[in-house]
Amino acid sequence: MTPIVRRHGATLAGFAAVAVALFAVAPSVLSTFRLSLLGQFVCFAMVAVGIGLAWGRGGMLTLGQGVYFGLGAYVMAMHMKLDDAGPGGVPDFMQLYGNGEVPLWWEPFRSPVITLVAVAAIPAAVAFVLGWAIFRRGVRGAYFAILSQALAAAFAILLIGQQATTGGTNGLNGFRSFFGYDLFDPVNKRMLFFIASGALLLMLLAAWQLYRSRYGELLVAVRDQEQRVRFLGYDPALVKTVAYVIAAVMAGIGGALFVPIAGIVSPDDVGVVPSIGFLIGVAIGGRATLFGPALGALIVAWAETSLSESFPSMWTYFQGVLFVVVVAFLPRGFASVSALWRRRPTPATEPAPQRQEATV
Amino acid sequence: MDTSSDSVKVGFVNSLSGTMAISEQTVHDSLQLAAEQINDSGGVLGKQLDVVSEDGASEPTVFAEKAGKLISDDCVAAVFGGWTSSSRKAMLPVVEGANSLLFYPVQYEGLEASDNIFYTGATTNQQIVPALDYLAEQGTESLFLVGSDYVFPRTANKIIKQYAKAHDIEIAGEQYAPLGHTDFSTISNKVKAAGADAVFNTLNGDSNVAFFKEYRNSGLTADDMPVMSVSIAEEEVDGIGLRNLEGQLTAWNYYQTVDTPENEKFVEAFRSEYGDDRVTSDPMEAAYTSLYLWKEMVEKAESFATDDVREAAGGVTFDAPEGTVTVNGDNQHIAKTSRVGAVGDDGLIHTVWDSGEPIEPDPFLESYDWAEGLSAG
């Protein structure tokens, strides 16, 4: 056995299990529709991986990841709308609700290259400016949570108000193609699922490497004892901002891939409620673990869909109960069940109790 | 779609949770009633209807997902439901992509005609335009526009302003409130200060409660400045409060008080199913009618296949509670009688004017000179 397998056997097995589940099991047992649905959940899982990093490791209770998900999603949606309209064309809804002209700030997204860069760069830039300003001033805990949530609310209201340029409450939908590929073709729908699954695996790998790195240690240290880290000569604001920016990029990519798979993005997908929904999945899965956040997001999304199919209107209650039960009996999420089984504490990955109160 | 067994699946997608649940539950109830009645009388082409219900959860994305599920997984013959324009817009690419059918039962802002959607509520020339005609006939020379900030009021007001320009009606003001907004003191003061002859109200949901309360508090009455509403039906009267609403005007195609034998049966059946305290409203009636229209189309086509049903749709009629309705084969809307009503002291709405005969649907207002260039900007 090579050393890496010996030291990280469980983690590598986890990666193998996720890969087999997404690339082999799911495509062979699910219908095209269900596979697309799972693809949407995989996009939520990407947001969750980012929240795991920012909240689980970094202690930043971010209640506004919907903003970054939305930025990525709207950038992609704008490109797809322009692409469908053809060179120089005007998207259908602008002719209906606007003055029939494409606003200047839409124009750059005609380019596929700019769009792909912007999907990551815009969330990163917004998160950097915001994170740097907030963390420099030592805003944390509940204040940071409230601020991030207010941002999500403001973002949704902004989108709704701009009927002519963002589609308002309708959002953007009715896409026909994704970089030239026909979205109604089942083969392309499967391809999108594989792209999303691949992206999720890459993000998990990135998170794993981050957690093992010196930076990962530093992030946990900032979460647990920010003042001590400062005395050691590090800048906690920078450490936190980096994690917040990475989380935003992951959410942006998740949003961008969500649009072609779901075929729609609307303010309802980016506001306060979905932002909290992302967080609940992470808490249920286990925020400080590697696979917990993604797994939690997938489980919660799957449960929401299947429960609302059998018991419409009951989902919200169930979500609440699940959240209470997990927080009360499994404060470290479902992923901690295996740790309980082994009866072995894993100090580096678990938040210290005294900080937990301040961050939640 | 599986049509080999002795039943056929149809899908209902209404918001049973979220902000729209209070309205859409009523539509769901009346669709269920229609399905039961059709099954009791022998089904469609001899097949019993097997209803699959999904919750749209008041979110466009969920509507798109659930419509996809009904079509791809359940293989339903047709989907019925939706309320907000955003829910319809979200389902449109889904039904078009799968070449399935959606029956949409609510009045809307027009400017749309999908080959895969049948619109059984009013389009603008069957609700808003007749309401404006009525106001103009009553000598209204200035209008104040109040609406929620989303697609329907914005589009409706665009049409209203164009109409006003052509008919020498002055627009004394135009105010929008965010959906769910409940502080209307500023807006109601502006309305009062503007001193228009009438108010055209496209507010939706809870905002109406606050608006009408404030309207009455500021001393405005239905006599000196009537409010014409297009989103308030029987269902909403109780919530807004009868004393705030008595005498105010609404525009629809159906009221519970409409005097037809079919309506008498409909109201009676609905009440015996769901209780005597329940009222019937325009969207409920349009939903009920939509299922029967689909039945007529299928039986005329002798097929459940989308293309056959669409082919057969033109000219299909049904003696609906609102009166006889006819499907327009070109734009897939239906010809409906337009009615202006006033809220009475019994909490119901009573017709004060009707168009006499069904008005042909014209979603793009092509037959109105004043509406030229509307959809382009």
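# Notebook: domains, chain contact and core

I began with chain B, which in this predicted model is divided into domain 1 (7-122 + 259-335) and domain 2 (125-254 + 339-371). I looked up the separation of the two, and the C-alpha centres of domain 1 of chain B and domain 2 of chain B lie 26 Å apart. The contact takes 29 residues from domain 1 of chain B and 21 residues from domain 2 of chain B.

I then asked which elements of chain B give two or more residues to the side of domain 1 that touches domain 2. They are α1 (21-40), α11 (282-301), β12 (323-327) and β13 (334-335) of chain B, and the largest share, four residues, comes from β12(B). Sorted by class, this side of domain 1 of chain B has 10 nonpolar, 14 polar and five charged residues.

With β12(B) on the page, I followed the sheet that holds it. Three strands of chain B form an open sheet in the order β11-β12-β13, and the pairing is antiparallel. β11 (317-320) and β13 of chain B stand at the edges with a single partner strand each, so one side of each is left without a neighbour in the sheet. Between β12(B) and β13(B) I noted two bridges, and B:Thr326 stands opposite B:Ala335 in β13(B).

Next I turned to the strands β14 (residues 339-343) and β15 (residues 349-354) of chain B, which run antiparallel and are joined by five bridges. In β15(B), B:His350 is the bridge partner of B:Ala342. β14(B) and β15(B) form a hairpin with five residues between them, and in its turn B:Gly347 has a positive phi of about 85 degrees.

For the contact between the chains, I found 33 residues of chain A in contact with 33 residues of chain B. On the side of chain A that touches chain B, the elements giving two or more residues are α2 (32-57), α4 (92-97), α6 (142-161), α13 (292-310) and α14 (315-329) of chain A. The class count for that side of chain A is 11 nonpolar, 19 polar and three charged residues.

I looked separately at helix α12 (residues 272-285) of chain A, which has 14 residues and reaches 20 Å from its first C-alpha to its last, close to the 20 Å expected at 1.5 Å a residue. Is α12(A) mostly covered or mostly uncovered? It is mostly covered, with 10 of its 14 residues buried, among them A:Pro274, A:Phe278, A:Leu279, A:Val282 and A:Ile284. The buried residues of α12(A) pack against α2, α3 (65-85), α6, α13 and α14 of chain A. After α12(A) comes A:Gly286, whose phi is positive, near 115 degrees.

My last entry concerns the largest nonpolar core, which has 209 residues; those with the most contacts inside it are A:Ala45, A:Ala297 and B:Val79. Helix α11 (residues 236-262) of chain A gives the most to this core, with 19 residues, and the core also draws at least three residues from each of domain 1 and domain 2 of chain B. I checked the surroundings of A:Ala45: leaving aside its neighbours within four places in sequence, A:Ala45 is in contact with A:Leu200, A:Ala294, A:Ala297 and A:Leu298. As a general remark beside this entry, in soluble globular proteins nonpolar side chains tend to be buried together.

Note on methods
Residues numbered from 1 in each chain as written. Chains lettered and ligands numbered in written order. Predicted model: local features only at pLDDT ≥ 70, side-chain atom pairs only at ≥ 80, totals over all residues. Domains from an automatic or database assignment. Contact = placed C-beta atoms within 7 Å. Nonpolar A, V, L, I, M, F, W, Y, C, P; charged D, E, K, R; others polar. Expected span 1.5 Å × (residues − 1). Buried ≥ 20, exposed ≤ 12 C-beta atoms within 10 Å, placed from the backbone. Pairing = 2+ DSSP bridges. Core = buried A, V, L, I, M, F, W, Y, C linked by C-beta atoms within 7 Å.
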